[in-house]
Amino acid sequence: MTVLNGKTLTGRIAADRVRMTSTPKPPNGAVERFIALGECTSLISDVMDELGIAEGAIGAHMLKPTLPGKMVVGPALTVRNIRRRDDPRVAAKQNKNGMAEFEAHNLAEDGDVLVISGVSGVSNMGGISAYTAQRQGERGAIVMGGVRDVRHSRSIGYPVWASEITPVTGKWRLETVEINGPIQIGEVRVAPGDLVVADDTGVCFIPRDVVLEVLEGAEKKAKAEEVRCKAIDDGIPVPDISRATYGQK
């Protein structure tokens, strides 16, 4: 049994591969304020563009929600998987399970969002994993790679955004090589503790040192959109809608 920073590890991955035992947390109240905005990944993407922050958004065409209508916000709890070269049939006979996302579940704290840089064509997490994640307080999972047992995760209300769905297990085909280190999700670099916002439109990763700046910009944009929607409801002519929203002359 290995204890790291006061936490007992599962032993599924070497202790020196666990870079942090606790994810850095966002500023107080930030998660609730993002949730209050409702579906807001589009607003966040716009604000990040305007602030000159590196692209942090990935559309739902790539990371597809398995449970439409859900929104999650929370710090990234990261997992990095790589493909193994072993013959999966041999590995299965020898029970050489290389998956270790359960170590991330073991370290999870209430409000975390699991983010897996995974392997294509195989499952990087399944139904029991989702069930465990939910019990540990994780709000949902983002997986660049395959997942499976989506009926199970849907039945318990645990949202997953994934690039693929497959019945093929990753147990004998992948290896978890790092927990809570920096990972690559598509073109986006994600560090543990970066804020994840996911909805039906896609997923945004906000670097943790600019969370409040992005939040304030998104709130401002949301208020401007409310004014524009009211102008539309009030029957204002189309040429006047922008003036009503932005005060243009």
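Modeller: Buried means under 20% relative accessible area, and exposed means over 50%. Keep in mind that this is a predicted model.

Biologist: Okay. Is His105 buried or exposed?

Modeller: His105 has 1% relative accessibility, so it counts as buried.

Biologist: Where is His105 found?

Modeller: His105 lies in helix 4, which covers residues 101–107.

Biologist: And which residues is His105 in contact with, leaving aside neighbours within four places in sequence?

Modeller: There are Leu114, Ser129, Thr132, Ala133, Gln136 and Glu138. Ser129, Thr132 and Ala133 are also among the buried residues of helix 5 (127–135).

Biologist: Which other residues are buried in helix 5?

Modeller: Gly127 and Ala130 are buried there too.

Biologist: What do the buried residues of helix 5 pack against?

Modeller: They pack against helix 4 and helix 6, the latter at 150–155.

Biologist: What comes just after helix 5?

Modeller: Gly137 does, and its phi is positive, about 95 degrees.

Biologist: New topic. Which residues other than glycine have a positive phi?

Modeller: Asn5 is one of them, with phi near 50 degrees. Asn180 is another, at about 60 degrees.

Biologist: Buried or exposed, for Asn5 and for Asn180?

Modeller: Asn5 has a relative accessible area of 62%, so it is exposed. Asn180 has 2%, so it is buried.

Notes
Residues are numbered from 1 along each chain as its sequence is written. This is a predicted model: local features need pLDDT of at least 70, side-chain atom pairs count only at pLDDT 80 or more; totals for chains, interfaces and linings use all residues. Side-chain values use heavy atoms; hydrogens and water are left out. Helices (H or I, at least four residues) and strands (E, at least two) are DSSP runs, numbered from the N terminus. Buried means under 20% relative accessible area, exposed over 50%, partly exposed in between (1.4 Å probe, protein chains only). Contact means heavy atoms within 4.5 Å.
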